Amino acid sequence: MRRLVLLMGLALAGLAHAAPEKGDGKLFDPVAGVVMSPRCINCHQVEAPHQKDIGIVHAQQVVRGKDGHGSPALHCAACHQASNTAQGKVPGAPNWHLAPLSMRWQGLDKKGVCQQMRDPARNGNRKTGEQVIEHMKTDPLVLWAWNPGNNRTQPPMSHEEFVAVLEKWAAAGMPCPD
């Protein structure tokens with residue numbers, strides 16, 4: 001009888017490790033799959049935006065500038081309009097710009113991006129998971145990732161699926177991977 005109870009306990013413990021639970025950093029994995037994809041990471045850079053799925057530095061020697069909108073001589077809006085143009089070859093969304101420098105993900109691993117996304121000092125002053133989710137649901141630059149034009153790859157899941165995994169992660173307390 002003791003063996004049976006012990007075996008059942010071990011089996012249940014194994015199940016607990018197989019499925020993410022509240023507070024499990026694995027809940028961030030599908031979020032990371034999106035936010036670390038080229039559509040997001042290319043604009044969460046330090047000095048200059050990156051392009052293409054391979055993340056090359058932006059052509060035309062584009063740089064961040066003081067406010068993330070490019071240099072005085074070449075603002076992002078000089079080419080990037082409110083929507084994709086030139087048959088989708090030039091991406092666009094309202095107020096096209098780099099993410100604020102405090103929100104740069106360049107050089108961070110999955111854990112670092114997670115920690116930044118939940119830190120109000122480095123996430124646009126979003127103090128709750130709900131505020132992070134609202135940003136991901138409504139910001140035109142975020143939404144552009146699912147309509148990038150010109151055969152650019154999209155994030156690895158639909159926007160609706162992304163919001164669902166964000167909600168699950170937030171409900172668990174926004175845990176980060178080890």
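Tutor: Before we start, contact here means heavy atoms within 4.5 Å. Keep in mind, too, that this is a predicted model.

Student: Okay, then leaving aside its neighbours within four places in sequence, which residues is P49 in contact with?
Tutor: Start with where it sits: P49 is in the loop that runs between helix 3 and strand 1. At 7% relative accessibility it falls under the 20% cut-off, so P49 counts as buried. Leaving out neighbours within four places in sequence, the residues in contact with P49 are N42, I56, V57, H58, V62 and L98.

Student: And how far apart are the C-alpha atoms of P49 and Q61?
Tutor: Along the chain, P49 and Q61 are 12 residues apart.

Student: Let's zoom out. In what order do the elements of the chain run from the N terminus on?
Tutor: The count comes to seven helices and four strands. Going from the N terminus, the order is α-α-α-β-β-β-β-α-α-α-α.

Student: What share of the contacts with a separation of 6 or more comes from residues 24 or more positions apart?
Tutor: For some background, 38% of the chain's 178 residues count as buried. Among contacts with a separation of 6 or more, the share from residues 24 or more positions apart is 56%.

Student: Take L166, then. Leaving aside neighbours within four places in sequence, what is it in contact with?
Tutor: With neighbours within four places set aside, the residues in contact with L166 are V31, M117, I133 and M136.

Student: Which helices are included in what covers the buried residues of helix 4?
Tutor: The buried residues of helix 4 are G112, V113, C114, Q116 and M117. Their cover includes helix 2, helix 5 and helix 7.

Student: What does the disulfide join to C114?
Tutor: The structure holds one disulfide, and its link is left-handed, with -90° about the S-S bond. C114 lies in helix 4 while its partner is in the segment after helix 7, so the pair ties together parts 62 residues apart in sequence. With an S to S distance of 2.1 Å, the residue joined to C114 is C176.

Student: On to the pockets. Which residues lie nearest the centre of the largest pocket?
Tutor: The largest pocket has a volume of about 540 Å³. Its lining has 12 nonpolar, nine polar and four charged residues. Of the 25 residues lining it, the ones nearest its centre are Q51, H58, H80, P91 and R152.

Student: Which elements give two or more residues to its lining?
Tutor: H58 and Q51, two residues near the centre of that pocket, are also in contact with each other. The elements that give two or more residues to the lining of the largest pocket are helix 3, strand 1 (50-51) and strand 4 (74-75).

Student: And which residues are closest to the centre of the second largest pocket?
Tutor: The second largest pocket holds about 440 Å³ of space. By class, its lining has 15 nonpolar, five polar and four charged residues. Out of the 24 lining residues, those closest to its centre are H44, A99, H135, L141 and V142.

Technical notes:
Residues numbered from 1 in each chain as written. Predicted model: local features only at pLDDT ≥ 70, side-chain atom pairs only at ≥ 80, totals over all residues. Heavy atoms only, no water. Buried < 20%, exposed > 50% of the residue type's maximum accessible area, 1.4 Å probe, protein only. 1 Å grid on protein atoms, 1.4 Å probe; cavity = no way out; pocket = protein on both sides within 12 Å on 5 of 7 lines; lining within 4 Å. Points joined across faces, edges and corners; volume = space filled by probe spheres on them. Nonpolar A, V, L, I, M, F, W, Y, C, P; charged D, E, K, R; others polar. Disulfide = S-S within 2.5 Å.
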